[in-house]
Amino acid sequence: MRINLLGAPVDCLTMEQAEERVAELVRSGGPRRIITLNPEFLYRAVREDHTLMELVDRADLVTADGEGIVWGGRVAGTPFPERVTGIDLMLRLVKRAAAEGWRVFLLGAAPGVAEEAAENMVKRFPGLQVVGTQHGYFKPHEEAGIVETIKQRAPQLLFVALGAPAQEKWIDRHIESIGDVVAIGVGGSFDVISGRVARAPLWMQKLKIEWLGRLISEPSRWRRMLVLPKFALLVLRTYRLGYKN
Ligand code: UDP
């Protein structure tokens with residue numbers, strides 16, 4: 001089932017169901033796009049850049065990433081069962097990939113990070129086939145070569161960590177020419193899996209204040225977080241006061 005949140009279709013799935021959906025997408029083949037939707041992305045899509053909403057519309061799977069989206073679902077009267085974040089979904093998919101023999105490609109993050117993330121994942125999930133890595137600080141003229149490399153390595157799963165919304169735009173631009181692949185934007189996940197950036201402690205995650213942990217460890221994020229109250233206001237105006245956006 002899909003829930004309409006501020007005009008965006010978001011899949012109403014548990015983490016386990018989301019993993020199953022991805023497995024179906026891998027089995028059915030073809031270019032497939034996955035977006036883990038957070039409040040910042042949705043706010044921009046509604047208020048600032050409608051092309052982002054088109055990306056969401058085109059996605060084969062849109063998960064409720066971020067407490068803000070889960071809260072928005074509750075306010076809209078259509079609650080999501082749980083949060084499905086990019087990093088958690090990625091770790092589940094990588095484990096599944098090792099078991100199913102799916103080939104995986106990692107694109108994004110600073111030079112060296114994707115390789116370190118790949119090494120850690122292979123240690124954790126023996127048998128995992130990482131068929132390639134590429135850092136995310138390439139020049140525009142290098143893109144065609146990167147797309148060609150990914151195509152030749154023929155991954156079933158392509159994780160793209162360029163930050164939102166650059167990664168979703170990149171996927172949208174190139175997925176048709178890559179072909180038979182399921183691509184998912186995963187933000188800063190390679191930084192965490194490589195061990196270069198620590199995730200907020202579990203107690204913070206449970207108290208639903210992971211965002212606060214990130215703010216403390218990366219204070220430069222505060223500017224981005226200013227969008228959260230705006231998002232909350234937009235949700236309340238739409239669903240409590242009945243404004244049209
Ligand atoms: N990044 C990249 N190329 C760029 C800009 C960013 O590969 O030109 C990477 C960056 O190194 C980091 C990720 O994209 O690993 C963005 O992480 P962030 O946590 O900011 O993701 P977001 O929360 O914006 O999705």
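A polar contact is a pair of N or O atoms within 3.5 Å. The exercises below use this cut-off on a predicted model.

**Exercise 1. Ligand contacts**

Task: Find which residue places a polar side-chain atom 2.9 Å from an oxygen atom of the ligand, and list polar backbone atoms that also meet the cut-off.

Solution. 
1. The side chain of Tyr 137 supplies the polar atom at 2.9 Å from a ligand oxygen.
2. For the backbone, a polar atom of Ala 161 is 3.2 Å from an oxygen atom of the ligand, and one of Gly 163 is 3.3 Å from a ligand oxygen.
3. As for cover, the ligand on its own has 550 Å² of accessible area, of which the protein covers 75%.

**Exercise 2. The faces of helix H1**

Task: Determine how the buried residues of H1 are arranged when seen down its axis.

Solution. 
1. H1 runs over residues 15–28, which makes 14 residues. From first C-alpha to last, H1 reaches 20 Å, close to the 20 Å expected at 1.5 Å a residue.
2. Take buried to mean under 20% relative accessible area. The buried residues of H1 are then Met 15, Ala 18, Glu 19, Val 22, Ala 23, Leu 25 and Val 26.
3. Seen down the axis, these residues fall within an arc of 160°, so they line one face of H1.
4. Glu 16 and Arg 27 are exposed and sit on the face of H1 turned away from its buried side.
5. Glu 24 also lies in H1; at a relative accessible area of 42% it is partly exposed.

**Exercise 3. The faces of helix H7**

Task: Repeat the analysis for H7, and state which residues are exposed on its other side.

Solution. 
1. The buried residues of H7 are Glu 143, Ile 146, Val 147 and Ile 150.
2. Their arc down the axis of H7 is within 100°, so these residues line one face of the helix.
3. On the other side of H7, the exposed residues are Ala 144 and Gln 152.

**Exercise 4. Backbone exceptions**

Task: Locate a cis peptide bond and two residues other than glycine with a positive phi, and say whether each of these two is buried or partly exposed.

Solution. 
1. The peptide bond from Ala 164 to Pro 165 is cis, its omega being near 0°. Pro 165 belongs to the loop between strand S7 (157–161) and helix H8 (166–178).
2. Leu 6 has a positive phi, near 55°. Leu 6 is in the loop that joins strand S1 (2–5) and strand S2 (8–11), and it is buried, with a relative accessible area of 7%.
3. Ala 154 has a positive phi of about 50°. Its place is the loop between helix H7 (143–153) and S7. With 34% relative accessibility, Ala 154 counts as partly exposed.

How values were computed:
Residues numbered from 1 in each chain as written. Predicted model: local features only at pLDDT ≥ 70, side-chain atom pairs only at ≥ 80, totals over all residues. Heavy atoms only, no water. Polar contact = N/O pair within 3.5 Å; in protein donor to acceptor, adjacent residues only side chain to side chain. Areas by Shrake-Rupley, 256 points an atom, 1.4 Å probe, with all protein chains shown as cover. Helix = DSSP H or I, 4+ residues; strand = E, 2+ residues; numbered from the N terminus. Expected span 1.5 Å × (residues − 1). Buried < 20%, exposed > 50% of the residue type's maximum accessible area, 1.4 Å probe, protein only. Arc of directions from axis to C-beta.
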